[in-house]
Amino acid sequence: MGDLAETAALAAVESLTGWWTLAGVDAAVGEETVNWLAADEVTNPTKPADTANNSAANVPVAPKIPSIPWPSDIATLRQMVRDGAPLPGNDLGPVHIAPIGPENSAIVIISDLPDLADADEATAGTSAMHILLERMLAAIGINISDCYRTWLATSVPATGELPDHMLPELGHYMRHQLGLIKPSSMILLGSSACKAVLDADLMNARAELRNVNHDGRNIAALTTFHPRTLIARPAMKAQAWRDLQMFAKRDAL
């Protein structure tokens, strides 16, 4: 247990020091190969393998009909989340964490699950993942406090993972939120957010900055790795840095 704790602590320290160096700016090519296709995937041993004879796997899952009317403004949404209302993704754990940031922000940041540190004002913004994300955005001139940060689920399941079967409903609910905020751009962190919002694979979506038409509005969408993946695999920060540079040039595209 001591070795594991020490390893985790060293990984966190490494991830938070020298973003520019860890991003690979000082090296054009890494010497070690990385299995990029496995970069942000989580293996679920209980999930049955897809086969040609598994016809159910080819049937799209329709979003559930809302059990209660969804909020029509962000202030109401935040209050309903805090009150434990039966909104999508708000019943997976005992702690309910509402979206953070200005509701009229031009930039929306979407991840799979909230950081439990943000549940308490005393510890909000102090986690390794938050600090790394803050520095990543600052590197391209974006202040994290100017962004509306939200997540597919506003509570955290005991497993720490979102079940795949929930993604269609959570994506539908997230698009409802985008309709309330009306941003000009968004950053999707990790494979679950990418799949739910864009219905696309993370590695394919990273290839370009996408324009998403939502209710007649074009939203520039960037997909990149979740900060927790970068903390676990610092060598991948070079890839994330290239993603961020693409987002920084979004107005010129």
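**Exercise 1.** In this predicted model, in which sense do strands β4 and β5 pair, and over how many bridges?

*Solution.* Step 1: locate the strands; β4 covers residues 210–214 and β5 covers residues 217–224. Step 2: read the pairing, which is antiparallel over 5 bridges. Step 4: inspect the turn; the hairpin has 2 residues between the strands, and Asp-215 takes a positive phi near 55°.

**Exercise 2.** Place the strands in their sheet: what is the order, and which are the edge strands?

*Solution.* Step 1: the open sheet is formed by 5 strands in the order β2-β1-β3-β5-β4, with mixed pairing. Step 2: β2 (148–151) and β4 each pair on one side only, as edge strands. Step 3: from one strand to the next, the twist averages 30°. Val-108 has Tyr-148 in β2 as its bridge partner.

**Exercise 3.** Find the helix α5: which strands does it lie across, and at what angle does it run to β2?

*Solution.* Step 1: α5 spans residues 167–181. Step 2: the strands it lies across are β1, β2, β3 (185–189) and β4. Step 3: its angle to β2 is about 165°.

**Exercise 4.** Why do the buried residues of α4 line one face of the helix?

*Solution.* Step 1: list the buried residues of α4 (residues 128–138): His-130, Leu-132, Leu-133, Met-136 and Leu-137. Step 2: look down the axis of α4; these buried residues fall within an arc of 165°, so they line one face. Step 3: recall that an α-helix has 3.6 residues a turn, so residues three or four places apart point the same way.

Methods:
Residues are numbered from 1 along each chain as its sequence is written. This is a predicted model: local features need pLDDT of at least 70, side-chain atom pairs count only at pLDDT 80 or more; totals for chains, interfaces and linings use all residues. Side-chain values use heavy atoms; hydrogens and water are left out. Two strands pair if DSSP finds at least two bridges between them. Helices (H or I, at least four residues) and strands (E, at least two) are DSSP runs, numbered from the N terminus. Buried means under 20% relative accessible area, exposed over 50%, partly exposed in between (1.4 Å probe, protein chains only). The arc is that of the directions from the helix axis to the C-beta atoms. Axes are lines fitted to C-alpha atoms, for helices over the stretch in contact, and angles run from 0 to 180 degrees between N-to-C directions. Contact means heavy atoms within 4.5 Å.
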